[in-house]
Structures are given as C-alpha cells and as structure tokens.
Amino acid sequence: MLEELRSYILKKKHHAFRSPSGIDFAAEFAEKRLNPRARVAERFVRICEMEQPLLMPQERIVLTRTVTDPNAIFIKEEGEDRIDLPCIYTKEEWLQVKEKHFIHEAGWLSNVIPDYSLILEKGLLFFRKNADKYSCEMIDALIDLTDRYAMEAENQGKMDVVETLKKVPRYGATSFQEALQMIRIVNFAAWLEGNYHVTLGRFDVYCGPYLEKDLATGVLREEEALELLCDFFMALNKDTDLYYSIQRGDNGQSLTLGGVDAKGHPQFNMLSRLCLLASKELKVIDPKINIRVDKNTPVEVYELGSELTAVGLGFPQYTNDDTVIAGLLEKGYELEDARNYAIAACWEIIIPVVGTDIINVGALSFAKVIDRAFHEYLKKANSFEEFLKYVDLIIMEETEKILARIQNIWVIPSPFYGMFFPFEDVSKGGKYNNLGVHGTGIATAADSLAAIKKYVFEEKSISAEAYIEAVDADFVGYESLLAKLRYDSPKMGNDDDFVDDLAAHLMSSFADALEGKRSSRGGQIRAGTGSAMYYLWHPEEIGASPDGRRKGEGLGTNYSPSLYARCNGPFSIVKSFCKPELKRIINGGPLTLEFLSSMFENPEGIEKLALLVRTYIKLGGHQLQLNTVNRETLRDAQKHPERYPQLVVRIWGWSAYFVELDKRFQDHVIARTEYAL
C-alpha cells in the first residue's frame, strides 16, 4: 500500500530538496534584545517563508520540512536547540538563563498533549481571535505556507489536496482526510516552533468520529480510509532524522489507542483497528503505538496487538487502566482526567490538555544505591534488616539530591503550540504540574540484595570484607564467586519471593522518599520504573555489582530482569514483576521482554503471546513492551549495515532503525535475552 510513497521516504529522496536557512538568528535576536516569545515567533515566521512546497508521489497528506540547519549543533551545557533549527539564544545568553533556572533537557515544551478535539472542530482562525500578536503572526505564516502547498497541488492536478487545504487549517475539519491533514499541519508546526516529543495523544478518540462519519455516509470505503491513514503515518516518518532527542527514533511521535472515556466506557474502535493494521503493513518506526487495556479487554485486542508485535517494530506497548487510573487517583488526579490519560514520548503517563507534568526530570539509580550501601555500611550492619535500613536511608538521600537540582524550572514560551491549552502560558504550567523521576536497575539492585542477604547474613559463606574486595577487583581472581553470583544466586524474574520481595521493598522505599514532596511549580513528584537513557549512563557511575554484574556491563532496560539473569521464561518473569505495588510507581516504565522472531512463524505464537500479555494485565502489571529480535541478524547488521536499512528494534520506550543507532545502543539490544513461548 502506497509503496511508491513509502519507498520515496525511506530512501530519503526528499532530502535532496533541503537547504539551510543560512541565518544566525541568535546573534540577530540578541542585538535586537527581543523577548523570548518574539524570538520564537520571528524564527518560525521566517522559516515558514523560506519553506518550499514539496509534494511526493501518491501523497495526499502534505507538509515536509525543506529548511534545515544541520550545523546548528545542540550542546546540552551551552545551547538550547537540537540540530534541525538554528538557535534563538547565543551561548552567553543561554548560560545566563541557566544560572538562574533549572532547564529541563533542551528547554522547549515537550511531552504535552494539546486539545486536538477542539483544533479539529474549530480550526486555527478560531484560536486567532484571542491570540497575541506573536501567535497571530505564526498562524498567518503557517496558513500562507499551506496556501502555497495548495497552489502547488493545483499545478500537479491533486484536487483533493487543494479542496482539503481550502478548509484546513483555517477552519474545522469535516472529513477524515481533513482531520488527518489538520493534525499533520499542527504536528509540523509544533516541531518547527522548537518543541519536541510532540505526541499525538488519544488519536482514535478524537479522530475516530470523522472516520465513522465518512464510512457511514459512503464518502469512504474502509480500504480507502486505510490508505489515507497510511499516508498520514508516512508523513510522520518524513523528518525523523530531524526530530529526535538522544538517538534517531527517539522523537515521541506516539499515539494512544483504546482505554475508557470519562464514564468508564471502552473506546477501542474502528480507527484503533486500522491503526494497528496500517502500522503492520508499513513497517516504519512512527508513530509508536500504545494500547490501553484492562482486565475486561477482549482477547481479540491482544491478538491484534500481538500480530503487530510479530512484525518486529517493538510496539504496541500496553498500559493497564486498572493499575494506572488507580495510581493517578492516589496522586490527586480527578477521575475524569485520570480516565483520559495518554502516553507521552515513551511510556510516561500524561493527561491531555490539562497536564503539564514534566515526566523525566531525573533518575534514581538503584544500582548506585546498593553500591553505596555495600561499600559504606555492609561491614557495620549486624543484620540484614539493619543493612536494609541503610539502603532506605541512601534512597532518601539520593532522591533529595535530585529534588534539590530541579527547582525553579523554566521552559521557553510557545506562542503557537501553547494556544491549544486552556492556560494563559502553558510554559509556566497547567492544572497538573507534577514531576517524574525514573528508577533504573531495579533487578540489579534486588539481585544484589538477595545475594548479600543469602551469602553474608544467612549462609555466612562470605565475609563482608572479602565480598567488597571481590567486587572492587571486578571479580578478577574471584571467578568461582562470580559464577555463583551470576548463575546460581536468586534472580528477579524467576517468581522467587526471596528476591521479588526485595524488589518490592526498594520500589516502596523509592515511593516513600518522594511522598509529599513538591516541585517549585507546586506539583507532586511521581516515582517510575522507566530507565530512559540512564540504563547506559548509570553503570558508568559505579564499578561491578554484588549480583555479579561486572564493571562496564549495562543495566536492564526499564523494568526488566538483569541482562545476564537466567530466567525460567516469560511467564515466571511476568509473575515476578507484578508483585510490587505498581500503582505507587505511576510515572511509567514498562516490563520489557525480547522474543525470538522465529516464535511467530505459526499462529500459535500469536495466541501464546496474547495470553502472556493478558496474564500480565490481569495480575496487575502496569506496562508491557515487547521486542521481536534475532541476535544473529543484529550481529550481521552491525557488520553489514547496508543490508539492513529498515531493521527496527525497540530501545527503551521508542523504536529505531538498528543501523542508525550508536554502537553502545546496538550492543545493549544484542545483549538482551531472547525468550520463546
């Protein structure tokens, strides 16, 4: 379906039409002493004017970036931009901002979801009525750009595109094609403004009615609707090399399907199904698909999701309404808002329209906590219970350090994207202003505690002094102990209460440490089980671990077993990872499992995977993401990347083309365990 368009985009033929702006906006704005909103608006307007309409073969959902600045390098300590847009602040100006404020990541608005329903219903001229001069200038520039696209479409005889652009973005959408085009225009503009991790929210809820109306009135047949949806999905893949954070693919272009409405009624619909089918047919990395499920979700939904998993894209990701909504209510979210949650860039929970939570301001390293306790207190502790109290104390100390660093947050204003939120200035916050802190290496920490408890305090087969010496030597000269720790000690993932209860204790202690704490914006602090990129960064802060992890070896991604744990299989892992009180760790972070691609060579594999996912949800698991991998294929792709340009893998909460990743990310994926059912 749309193979010519898909090939055009995947072969990056549209890159030939790109050119740099050639403008040093930062220096110019500094000389003019423009305020932040003026800087954002002027850059947007001038780049819109420079953009050249580009229509690709078979394309009906238009807009493609043609102005880029590949040499505008983003340096975290010195600049506020990524590589796709020229900076609006000079290095000196930005350092002055950072002296007064905590700047989250790149400083721009991210991981928030606008009022897509109202955007589709009303169009941009509706918002212009009450906008300030900067927002008005940006709307006018964007409409002028889409008018130039309409002229080019008319020149090429694409009259359905012309008719669509006569309606949107000026006015509200009245058809499925208009709705998709409107979303594309807003998505395009949000990125062009400077925002990132621009997620699509509950796509089937706000866009589904337009599809259903067109199907009911005969405007579209189902296969025509699927083709339009595929066109829209391909539009999200045009500029993935420009839209990313840590690595290509890490762009937050995710959408959420299913779940319940404000009254608790299921929302999985025809568009939900078509999204799964479109993603399965196209086999591209965007949009990332998330499905909200609960204990009553029909098995058919899990089977549809498992069919997509079998393709090897690393999604859909599942989130359990039963656990998440209960957790949000305990954090003070109103029931209607909690039921309306969506997934942000990776797996973090965000409330559309009213939520301005910053969901990844820092991360607690459970592995570092154990490392500190091991070295500072193991010799002092007279019992394991006493040692565990030291662990809890360190968790409290480490979380306090994180909170001390993230006060007085400042976000660059958003004159365009901010119009679609019911607040005077969304960059200053909204109804919910909570902060999210990740927790990494939970299995490494729990496995380490289990080994310490068993060998030092129960069996007394190794002294504290000898144990510390072995770990500090990276187990060189202690090979028999290393083998015992890696392969014979209790490991989280084997449905063993001895170690699983310790993991539950660690996560409860983490939640306790953040309970009642407030951000400078008045919000609460949400603990989570996600790792983001910290699963590669945190091991660099410590040496070997008491569980047998050697220096330089990574931590498990998100909420998952240790990389080198020998687990009894996915069902035992599911049981282990459902034991903690997950509604207290509600910032998000999925259990992450890798499956052999050969498992899906017959329909039985799909059915078994669907059963596994359903079991995890019914046991109270909160989130689950599944990767389909073949280790030998991945190794060959490292050696011969030219053979595997579209080989997709799941990283921590997003999917990417394997050959576009840095080697350390590739190596971590290869090191993960492959399971079969």
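Tutor: A word on the element names: helices are DSSP runs of H or I with at least four residues, strands are DSSP runs of E with at least two, and both are numbered from the N terminus. With that numbering, P316 falls in the loop between helix 13 (299–311) and strand 3 (317–320). The model is a predicted one.

The part I will take is helix 16. Helix 16 runs over residues 366–377, which is 12 residues. From its first C-alpha to its last it reaches 16 Å, close to the 16 Å expected at 1.5 Å a residue. The helix is mostly covered, with nine of its 12 residues buried. The buried residues of helix 16 are F366, A367, V369, I370, D371, R372, A373, F374 and Y377. What do they pack against? On the list are two strands, strand 6 (358–365) and strand 7 (435–440). The helices on it are helix 17 (384–405), helix 18 (442–458), helix 19 (464–472) and helix 21 (497–514).

One of the buried residues, R372, carries a charge contact. R372 forms a salt bridge with E398, and the closest N and O atoms are 2.9 Å apart. This pair links distant parts of the chain, with R372 in helix 16 and E398 in helix 17, 26 residues apart. Are the two partners buried or exposed? Buried means under 20% relative accessible area. R372 has a relative accessible area of 16%, so it counts as buried. E398 is at 9%, so it is buried too.

Another salt bridge gives a contrast in setting. The side chains of E540 and R664 meet at 3.7 Å, N to O. E540 lies in the loop between helix 22 (534–537) and helix 23, and R664 lies in helix 26 (residues 663–671), so this bridge ties together parts 124 residues apart in sequence. E540 is exposed, with a relative accessible area of 60%. R664 counts as partly exposed because its relative accessibility is 38%.

The structure holds 49 salt bridges. E330 and K583 form one of them, with the closest N and O atoms 3.1 Å apart. That pair also links distant parts of the chain: E330 is in helix 14 (residues 321–330), while K583 is in the loop between helix 23 (570–577) and strand 9 (591–596), 253 residues away. K583 is partly exposed, at 28% relative accessibility.

Now the surroundings as a whole. The secondary structure of the protein comes to 26 helices and 13 strands. The radius of gyration is 25 Å, close to the 26 Å that the globule rule gives for 677 residues, so the protein is as compact as a globular protein of that length. Its C-alpha atoms fill a box of roughly 80 × 60 × 50 Å along the principal axes. Of the 677 residues, 63% are buried. Among contacts between residues at least 6 apart in sequence, 77% join residues at least 24 apart. The protein exposes about 24,000 Å², with carbon and sulfur atoms supplying 49% of that area.

The largest nonpolar core has 200 residues, of which F176, F203 and L229 touch the most other members. Helix 9 (residues 176–193) gives this core its largest share, 12 residues. Leaving aside residues up to four places away in sequence, L229 touches F176, L180, F203, L271, L274, C275 and A278. Another core of 23 residues lies apart from it, and C346, L647, W652 and W654 are among its members.

A few backbone details remain. F475 has a positive phi of about 65 degrees although it is not a glycine. F475 sits in the loop between helix 19 and helix 20 (479–487), and at 0% relative accessibility it counts as buried. N111, also not a glycine, has phi near 55 degrees. N111 is in the loop between helix 4 (91–100) and helix 5 (116–122), and N111 is buried at 2%.

Key: Residues are numbered from 1 along each chain as its sequence is written. This is a predicted model: local features need pLDDT of at least 70, side-chain atom pairs count only at pLDDT 80 or more; totals for chains, interfaces and linings use all residues. Side-chain values use heavy atoms; hydrogens and water are left out. The expected span of a helix is 1.5 Å times one less than its number of residues. Buried means under 20% relative accessible area, exposed over 50%, partly exposed in between (1.4 Å probe, protein chains only). Contact means heavy atoms within 4.5 Å. A salt bridge is a side-chain nitrogen of Lys or Arg within 4 Å of a carboxyl oxygen of Asp or Glu. The radius of gyration is taken over C-alpha atoms; the globule rule is 2.2 Å times the number of residues to the power 0.38. Accessible areas come from the Shrake-Rupley method with a 1.4 Å probe; for residues, only the protein chains shown count as cover. A nonpolar core is a set of buried Ala, Val, Leu, Ile, Met, Phe, Trp, Tyr and Cys residues joined through side-chain atoms within 4.5 Å.
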